Every structure is written in structure tokens, then in C-alpha cells.
Amino acid sequence: MDIEAMIRRRKRQDDESRLVGAYEPLSPATHVEEPTDRGRLLEAMLDHVDPVFDGHLPPHGYLYGPKGAGKSAVVTALFSQLERQTVNPDTDIYTTTRVRPARLLRFVYVDTRRHTSEFAFFHALLDAITDEAVPRHGISTETLRSRLHRQLDATGAGILLAVDHVGEPVSAPADALVDRFSALPSSVSWLAVGRTDPAETVLTDYTAAAIRVDPYRHHVLVDLLLRRAASALDSGALDEDAAVTIADWAGGDAHDALAALFVATDRAARADRQTITDRDIAAAFQAVPPDCVALGRVFALPENKQTVLRALVDLDPAERESVTVATAAVADLTDLAEGTIKRYLYELADVGIVDRVQAPEDGESGRPPSRLEPKFPPTVFRRLYDIERES
DNA sequence: GATCCACGGGAATACACGGATG
DNA sequence: CATCCGTGTATTCCCGTGGATC
């Protein structure tokens, strides 16, 4: 039994119903330390990184698969584990394995959602392997790069670098990534992680291995839901049938499954109920849009874009009937300029985080407006956004 | 003084429509 | 009839400025 989860559940002292201990474990945007039942993928990953146990770097690689298949979950868990054992050599992998390392290896994870620009990319990388903080201002990208080279030359260390969420609308285009990679020292081996088929991306021109991730199998996803529910909810709140229903609906996508569970939970909690009913679940399915965008993408947006979205999800449908109207309404709720809000809304639509649905032509003069539809479940965003800011 | 980037603003372009024009 | 034009709205594109920090 997970003691931490049990304690967390007991610690609820909020006004909320007793149903929910903490929402975070239900968040589709956070990963757990020990991803459940991704044994196959973990094996494949370990095969790939195997040379590190002898102190060598594996060749560049590409990990790919659909949304919600556990790519990020496994990569972040594995990398933090490996890095922890490097930095904290008590429970050393080296002592338990064959030979002493040829050299020090570091394991760095960079999310291109959060570190999009070239500057941000190198900053994140350098910052991860440096003790003292790396300046964010007054320093050029070029300086950053040369510091990275110097640092690695000096220590003789090698880096295995995971670069997550490549090929998404907001992150740098693949050819720009190739440029960045080629600017890395030879003592860095990278593992790109994305959804694009290996045949469709230039990245695989540089990799020796492409590792494929399949969607969660049905019963594995059921397990995952039950486990997350166990760490967030009172026991019995989610029965197995309900988990099966959600897993069926989600079709192997853990993100959407968790999003639905989250919405259903929220609905039950609002009604002050102790268990999640079929109607909660049915309602949740309605609330998760088709082709739902990953909430991780939403929460990786710059602060003020999130502010705009936070206001947007509180608007009446009537206030979302056109970009112009929504802009004015959001301006009332925030202190951003209308010009900025409008541009943000168009940019968010451009990257698929909100959808612009063109109104039918209705005889009015001028180009018809378009309605704004969030492509993520508003409830989940609202709740997690508010939780994050209140503390 | 240098650097990056968020913000703000505005110009240019696209689209829809009705009416005028050739 | 096909095309062009004017008006009104929506959308895209671009760039200068300034904040924050070194």
C-alpha cells in the first residue's frame, strides 16, 4: 500500500467533499514516479540506454508513439532515476553492475514545450548540469553554447539528453532542432521524443534507433486509472466497472482517460457525493473534446496566455461567439491590452489549443466571425490552474 | 551596455457581400 | 453574365519598445 497516498487522503482539511484528497494525482499533465505497467517500453528504453551501465553513451535515438501512451511518463521517470544515481552514488548503479564507469554520465531531460527557443534550450541544458544558476539575461545564446562546451571538455563528462515533445506546433521545427543538435558537443547523445512517424521526420536521419510506443492496452489502462484513483480518492469512489467504462472510451489514451476521470470526480464532488456515478462519467465524456489537446501543452504556455485561457473558460458561450467579443470580455477580466489578447487568441487557435469554428454566413455584412472552442476540458484546466496559483 | 523575450500596436491581407460596371 | 469595387469585418504578419537581469 502507498503510505504517502494514504496520508495525503487523511490530510484533507478543506471544505470540499470528502471524496477528493488531492486533485494532482488525477492530473493528466503530471507524471508519477513509478509509471505502472509500462514494462515493455521500459525494457526497450533500458535496451537503448544499456551502454551507460558501462559508462558509454548510446547513439542518438528517437522515441515515438501516440498521445497518452506514456512516453513522457517513462522517459522522465527513467531519466530522473538514472540522474539521481549518478549524482548520489550511494545506491550506485555502478557498484551493482559490471564495471566501473569510463566516465561520469549525466541524464538531462528538456521539454521543448517549456524551453522552446534556442536560447531557452541551451539554457535548460546548461542549467541542469551546472551547480550555480545560469543567468537568464544579459548573456547571448552563443555564450551559453560555448560555456556548455567548456564545461563538458573540462569535466570529461558525457550527457544523455532527452528532448521531449518534438514536432509539436509550439516547439521548434525539426530542422531547427537538427541545427541545435549539431551545435552540441560530441559528448552529448540525444533522445528525441515525439509523435511523428520516424519516416516523416528528418530527425531519424541522425539516429541509429527508433523506439515505438503503442497505446496502453485496455486492462493496463484500467489498472492505471484505479491506481491513480486510489492515491487521490476515498476508497470505493471509483469501482472497477467505471474504470473499465472510461478505459473503453479512451481507447488506450491515458491522457484522455485521466481527463475524463478528473471531470467525473469533480462533478461528483460538487454534488457532494462519495462515489462516482455512471452519469458523472457520461457527463465527463461530453466535457472532454474530441482530439483533446494535451493539458501539458496548456500548462506549458507562457503565464499570460494561461491567464487569457483562464478567463476564456469562464465566459458565457455567447461571449465566445466571436474573437472580437471574446477579446473584450477577456480584457474586462484581465489587465492585458486588447491587442495582445486578440493576438494571443489567434495564436492559441493557430497551435490548436482553441478551435475557431466559423459561423455560418448570415446575411450580415463583412466576414463572419468564428466561435472559440477550447480543445481541452475546461473543468480540468480551471481546477488545476486555480490550485496552482492559490498556494 | 548587453541580452532575450513578452507585450503592444498597427499595417497588410483575406474574406464576404451587395451593388456598380463593362 | 463575369468582373470589379467599396465597405465592413476577420485574420495574419511584422516590428519596435521596454522590462528584467546580468
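Predicted model: local features only at pLDDT ≥ 70, side-chain atom pairs only at ≥ 80, totals over all residues.
Biologist: Which part of DNA strand C does Ser370 approach with its polar side-chain atom?

Modeller: A phosphate oxygen, at 2.5 Å. An N or O atom in the side chain of His137 is 3.2 Å from a base nitrogen of DNA strand C.

Biologist: Which elements give two or more residues to the surface near DNA strand C?

Modeller: Helix H14 (323-333) and helix H15 (338-350). By residue class, the surface near DNA strand C holds five nonpolar, six polar and three charged residues.

Biologist: What describes a pair of aromatic rings?

Modeller: Two quantities do: the distance of the centres and the angle of the planes. In this model the count comes to 10 aromatic pairs. Take Phe121 and Phe122: their ring centres are 5.2 Å apart and their planes stand at 80°, so the pair is edge-to-face, the class for angles over 60 degrees.

Biologist: Is Phe121 buried or exposed, and is Phe122 buried or exposed?

Modeller: Phe121 has a relative accessible area of 0% and is therefore buried. Phe122 is at 1%, so Phe122 counts as buried as well. The cut-off for buried is under 20%.

Biologist: Which residues form one aromatic cluster with Phe121 and Phe122?

Modeller: Phe181 and Trp190.

Biologist: How does the pair of Phe381 and Tyr385 read?

Modeller: As tilted, with 5.5 Å from centre to centre and 50° between the planes. The two residues are four apart in helix H16 (residues 378-390), so about one helical turn separates them. Both Phe381 and Tyr385 are buried.

Biologist: What sits over the ring of Tyr385?

Modeller: The charged end of Arg389, 3.9 Å from the ring centre. Another case of a charge over a ring is Lys305, whose charged end sits over the ring of Tyr344 at 5.2 Å from the centre.

Biologist: Next, Arg310. Where is Arg310, and which residues is Arg310 in contact with beyond its neighbours within four places in sequence?

Modeller: Arg310 is in helix H13 (residues 303-312). Leaving those sequence neighbours aside, Arg310 is in contact with Phe381, Arg382, Tyr385 and Asp386. With Asp386 there is a polar contact of 2.8 Å between the side chains. Phe381 and Tyr385 are the tilted aromatic pair.

Biologist: Is Arg310 buried or exposed?

Modeller: Arg310 is buried, because its relative accessible area is 14% and the cut-off is under 20%.

Biologist: And is Arg279 buried or exposed?

Modeller: Exposed, because Arg279 has a relative accessible area of 66% and the cut-off there is over 50%. Arg279 lies in helix H11 (residues 278-287).

Biologist: How many residues apart in sequence are Arg279 and Arg267?

Modeller: They are 12 residues apart in sequence, and 9.5 Å apart in space from C-alpha to C-alpha.

Conventions. Residues numbered from 1 in each chain as written. Chains lettered and ligands numbered in written order. Heavy atoms only, no water. Polar contact = N/O pair within 3.5 Å; in protein donor to acceptor, adjacent residues only side chain to side chain. Nonpolar A, V, L, I, M, F, W, Y, C, P; charged D, E, K, R; others polar. Phe/Tyr/Trp six-rings, centres within 6.5 Å; stacked < 30°, edge-to-face > 60°. Buried < 20%, exposed > 50% of the residue type's maximum accessible area, 1.4 Å probe, protein only. Lys NZ or Arg CZ within 6 Å of the ring centre and 35° of its normal. Contact = heavy atoms within 4.5 Å.
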